[in-house]
Amino acid sequence: MCSKHPYFDLIFSDHTETAASEETGKSERRWREIERFLQTHDVVQSTDVRAVFGVSEATAGRILNGLVASGMLLPTEGDDKTYRLAAQ
């Protein structure tokens with residue numbers, strides 16, 4: 001049986017926590033930018049997210065679906081790629 005290095009948990013747990021913290025920061029920055037966009041627009045579309053953040057269609061979908069799952073956005077009726085603020 002192979003044993004792990006004594007510092008394995010310390011090294012990798014710090015990296016994991018840092019990566020998770022950076023991802024949370026990125027998500028928060030994206031939300032603030034989308035929220036700012038929605039101050040001047042009734043809805044946000046996948047194409048808007050792609051243009052603002054320079055991401056792929058798949059990534060834009062993940063961003064928007066994550067905001068829907070967290071209760072920040074709601075999909076508009078009849079269009080699965082258009083969203084509005086949940087508070088409206």
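Predicted model: local features only at pLDDT ≥ 70, side-chain atom pairs only at ≥ 80, totals over all residues.
User: Thanks! Then why is Ser 46 called buried?

Analyst: Ser 46 has a relative accessible area of 8%. The cut-off is under 20%, so Ser 46, at 8%, counts as buried. You will find Ser 46 in helix H2. Leaving out residues up to four places away in sequence, Ser 46 touches Glu 57, Ala 60, Leu 64 and Lys 81.

User: How do you know that Arg 30 counts as buried?

Analyst: We use the cut-off of under 20% again. Arg 30 comes out at 19% relative accessibility, so Arg 30 is buried too. Arg 30 belongs to helix H1. Beyond its neighbours within four places in sequence, Arg 30 is in contact with Phe 53, Val 55, Thr 59 and Ile 63.

User: Which residues do Ile 34 and Val 44 touch?

Analyst: Setting aside residues up to four places away in sequence, Ile 34 touches Val 44, Val 49, Phe 53, Ile 63 and Leu 67. With that rule kept, the list for Val 44 is Ile 34, Phe 37, Leu 38, Val 49, Leu 64, Leu 73, Lys 81, Thr 82 and Tyr 83.

User: How much of the whole chain counts as buried?

Analyst: The chain has 88 residues, and 22% of them count as buried. The chain exposes about 6,500 Å², with carbon and sulfur atoms supplying 54% of that area.

User: What makes a group of residues here a nonpolar core?

Analyst: The members must be buried residues of the nonpolar kinds, such as Val, Leu and Ile, joined through side-chain atoms within 4.5 Å. The largest nonpolar core has 13 residues, and those with the most contacts inside it are Ile 34, Val 44, Val 49 and Leu 73. Helix H1 (8-37) and helix H3 (57-69) each supply at least two residues of this core. H3 gives the most, with four residues. As general background, nonpolar side chains in soluble globular proteins tend to be buried together.

User: Which residues is Val 49 in contact with?

Analyst: Apart from its neighbours within four places in sequence, Val 49 is in contact with Ile 34, Val 44, Gly 54, Val 55, Ala 60, Ile 63 and Leu 64.

User: How is the angle of H2 to H3 described, and why?

Analyst: The axes of H2 (residues 46-53) and H3 cross at roughly 110 degrees and come within 9 Å. Angles of 65 to 115 degrees count as roughly perpendicular, so H2 is roughly perpendicular to H3. On the H2 side the contact is made by Ser 46, Val 49 and Arg 50, and on the H3 side by Glu 57, Ala 60, Ile 63 and Leu 64. These residues divide into four nonpolar, one polar and two charged.

User: What is the pattern of the chain, read along the sequence?

Analyst: The pattern is α-β-α-α-β-β. The secondary structure comes to three helices and three strands.

User: Where is Asp 48 found, and what does Asp 48 touch?

Analyst: Asp 48 is found in helix H2. Not counting residues up to four places away in sequence, Asp 48 touches Phe 37 and Val 43. Phe 37 is 11 residues from Asp 48 along the chain, and the two C-alpha atoms are 9.0 Å apart.

Terms used: Residues numbered from 1 in each chain as written. Heavy atoms only, no water. Buried < 20%, exposed > 50% of the residue type's maximum accessible area, 1.4 Å probe, protein only. Contact = heavy atoms within 4.5 Å. Areas by Shrake-Rupley, 256 points an atom, 1.4 Å probe, with all protein chains shown as cover. Axes fitted to C-alpha atoms, helices over the stretch in contact; angles between N-to-C directions. Parallel < 35°, antiparallel > 145°, perpendicular 65-115°, else oblique. Nonpolar A, V, L, I, M, F, W, Y, C, P; charged D, E, K, R; others polar.
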